[in-house]
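Let's take a friendly walk through a model together. Have the sequence and the coordinates open as you read.

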Amino acid sequence: MIFNTPFAQAVINFLLPPQCALCREITKQPYTLCGDCWPKLKFITSPKCSVCCVPLDNVDHDMPCADCLKFPPVFSKAYAPLIYNDSVKKLVLRYKNYDGLHLGPMFFGWMQRCIPEDINIIVPVPLHWWRFFTRQYNQATELGKLIAKHTNISINSSLLKRVKATASQGHKSKLLRYENLKDAFVVTDTKNILQKINVLLIDDVLTSGATANACAQALLNAGAAKVDVLTIARAVKDNNGTP
Ligand SMILES: [Zn+2]
Ligand SMILES: [Zn+2]
């Protein structure tokens with residue numbers, strides 16, 4: 001396409017210079033942050049929980065965290081490039097509540113190094129139809145489509161449905177969150193697509209893991225062999241986070 005030529009891109013950059021996704025300062029490259037905002041991102045490195053991806057202190061290698069040992073989730077492993085802090089929260093809110101779809105490639109750039117190798121199908125965490133109606137798009141599906149496009153893994157956003165609209169989970173305890181989401185998701189798999197295959201569940205943020213767990217349970221009940229989870233960010237207790 002003509003807009004993809006270097007010359008056309010230079011003209012577009014001149015007329016509409018790329019902006020920092022956080023502070024809107026002019027940047028050289030599109031889909032990135034300015035030099036002042038970059039250090040506000042905290043990338044997750046080892047040692048981290050080998051199940052839920054939460055960073056760990058005082059150990060020298062990845063292992064299950066105390067929470068995952070106590071309440072093992074039904075998903076196999078969660079992946080996320082970033083810690084969910086105020087800056088990431090701002091970016092994610094823009095992506096899901098306003099017209100921030102253009103931020104997708106930036107998120108994909110960070111998520112792509114976390115994609116496990118043995119995945120057969122991508123399934124986004126669905127929105128309840130009412131939320132979808134008011135928001136017009138599902139940010140998890142948009143992320144899933146980008147990953148599918150760049151990896152050639154197929155995506156199916158109609159297998160998993162949210163049948164229960166759940167109130168904000170923010171102040172609930174972990175057990176209450178799990179209880180609240182029980183039976184919130186159902187799988188309709190008339191063609192038996194899920195039988196014995198590995199699923200990558202996509203969402204924007206992993207907080208308590210209750211949503212991912214409820215989705216994974218529905219997918220496993222429908223025959224999936226394994227469910228891994230990939231999000232943009234992982235909430236951590238001290239960073240704006242989870243109980
Ligand atoms: Zn900036
Ligand atoms: Zn864990």
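## Ground rules

This is a predicted model, in which local features need pLDDT of at least 70, side-chain atom pairs count only at pLDDT 80 or more, and totals for chains, interfaces and linings use all residues. Residues are numbered from 1 along each chain as its sequence is written, chains are lettered from A and ligands numbered from 1 in the order in which they are written, and side-chain values use heavy atoms, with hydrogens and water left out.

C23 and C34 are eleven residues apart, both in the loop between α1 (6–15) and α2 (66–70). Helices are DSSP runs (H or I, at least four residues), numbered from the N terminus. C23 is partly exposed at 40% relative accessibility, whereas C34 is buried at 9%. Buried means under 20% relative accessible area, exposed over 50%, and partly exposed in between (1.4 Å probe, protein chains only).

## The aromatic cluster

How many aromatic pairs are there? The count comes to five, where rings of Phe, Tyr and Trp (its six-membered ring) pair if their centres lie within 6.5 Å, and planes under 30 degrees apart count as stacked, over 60 as edge-to-face and the rest as tilted.

F43 and W110 form an edge-to-face pair, with centres 6.2 Å apart and planes at 85 degrees. This pair links the loop between α1 and α2, where F43 lies, to W110 in helix α4 (residues 104–111), 67 residues away. F43 is partly exposed at 28%, while W110 is buried at 9%. W110 also meets F107 edge-to-face, at 5.9 Å and 70 degrees. F107 and W110 sit three residues apart in helix α4, about one turn. Ring pairs link W38, F43, Y95, F107 and W110 into a cluster.

## An exposed leucine

L16 is found in the loop between α1 and α2 and is exposed, with a relative accessible area of 64%.

Conventions. Helices (H or I, at least four residues) and strands (E, at least two) are DSSP runs, numbered from the N terminus.
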